[in-house]
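Please read them with the coordinates open.

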Amino acid sequence: MPPHPPRTSPGRRALLTGAGAALAALALPPAPALAADRPAGPFGRYGSPAARLTGRTLYVHPGGLGDHTSVRAAVDAAAGTGWTLVLAPGTYRETVAVGAARTGMTWIGASGDARDVVVVYDNAAGTPKPDGSGTYGTTGSATVTLQAADFTAHAITFANDFLRSDLPGNPGTQAVAVKAQGDRSAFFHCRFLGHQDTLYADSTSLSAFARQYFAHCYVEGDVDFVFGRATAVFEHCHFRTLARTDLAGAPYGFVFAPSTARANPHGFLASRCRVTSGAPDGFYELARPWVPGSDPTAWPSLVVRESVLGAGVDAVAPYADMRAEHPWQEQRFAEYRNTGRGAAVTVPANRPQLTPAQAATATRAVYLGDWRPAAEVCP
């Protein structure tokens, strides 16, 4: 994604250095199915390595009470399909990649509260690689990369705590928390923390229309912090735009930056979500289209429906161009029955609205087709 001016947020990394109370300020309710009657012990209702959830379960504990002390080691050990990783509360500072062969993998935060289980690293696009072969680039900056189909996560925080002040003057400030590429990827009660390009909802190729589902999740950032070409459905999610100190005026950034392939009839759908802001009123725009050099024919698609848009969203001009040759008005952007100060239709030409008939085709069932994500992943 294109660079944005640097910012400084000295307190940001402090929020990500440990799980629990330090993260409580960015609250997401615990998963209801896991919050009550939770047995004592590091793995809660999921037992322990001595009493396994299934025959293909690995337990991860940073203090050595499980099968592995790191998520990466557990993923490497989980060869084949259908593995479940139960993560004990803690902060896992590492990068992790789930390759395409490891289909059907599930990660479960043992406490049921995403604030307790944090997978975090701080690579950015402009961060030099240790071997001197260049920089990581946007894709390589991801803390967690998920290429396998049928991946599910429940009650996990995925974070990238890179700060622009870490690389002063470097334009490579894109820093991805998760890059999800696999078809039928589902996230329940998860958190995605970062600044620029936090959540990369993508696919493995231009012809692969990866379907992804996010329910009751929390996503924060500033520039294009939900972006990519996946067919991604967000339901009951909370998007939070961050305050900034480096810019004199609006816009501070953009929530969505879809890059939907032209052949894909569906892109991003946000339904019954909310957008709040730590920035001044009107300092964020809802979306801008991303037409990447790798796909100059992309036709970005975004529908935001029945959601609450807070005052941080510019109600007069909620959309912007990323490049002049691809104006937002020529993309597939639309809204339906949104509420809140940021949803006020003050300039109708700037707020394309769906008709009820069109809205009937902008639903989870239509976007996800024959895939029905499981409501819960716990036993």
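Is alanine 155 buried, partly exposed or exposed?

1. Alanine 155 is buried, because its relative accessibility is 0% and the cut-off for buried is under 20%. Bear in mind here and below that the model is predicted. The residue sits in the loop that links β8 to β9 (157-160). Its phi is positive, near 60°, although alanine 155 is not a glycine.

2. Aspartate 150 also deserves a look. Its phi is positive as well, about 60°, in a residue that is not a glycine. Aspartate 150 belongs to the loop between β7 (144-146) and β8 (152-154). With a relative accessibility of 30%, aspartate 150 counts as partly exposed, because that class runs between 20% and 50%.

3. The next backbone point concerns a peptide bond. Alanine 250 and proline 251 are joined in the cis form, with omega about 0°. Proline 251 is placed in the loop running between β18 (238-241) and β19 (253-258).

4. On packing, the largest nonpolar core comprises 63 residues. Trp107, Phe187, Phe234, Phe239 and Phe256 are the members with the most contacts inside this core. Once neighbours within four places in sequence are set aside, phenylalanine 256 touches Val226, Phe239, Phe268, Ala270, Leu286, Ala287, Arg288, Leu302 and Val304.

5. How many disulfides does the structure hold? The count is zero. For cysteine 217, the closest cysteine sulfur belongs to cysteine 237 and lies 4.7 Å away, so the pair is too far apart for a bond; a disulfide would need the two sulfur atoms within 2.5 Å. Cysteine 273 is likewise in no disulfide, and its nearest cysteine sulfur, again that of cysteine 237, is at 4.8 Å.

6. Cysteine 217 counts as buried because its relative accessibility is 1%. Cysteine 273, with a relative accessible area of 6%, is buried too.

7. For checking, I would list the following together: the positive phi of aspartate 150, the positive phi of alanine 155, and the cis bond between alanine 250 and proline 251.

Notes: Residues numbered from 1 in each chain as written. Predicted model: local features only at pLDDT ≥ 70, side-chain atom pairs only at ≥ 80, totals over all residues. Heavy atoms only, no water. Helix = DSSP H or I, 4+ residues; strand = E, 2+ residues; numbered from the N terminus. Buried < 20%, exposed > 50% of the residue type's maximum accessible area, 1.4 Å probe, protein only. Core = buried A, V, L, I, M, F, W, Y, C linked by side-chain atoms within 4.5 Å. Contact = heavy atoms within 4.5 Å.
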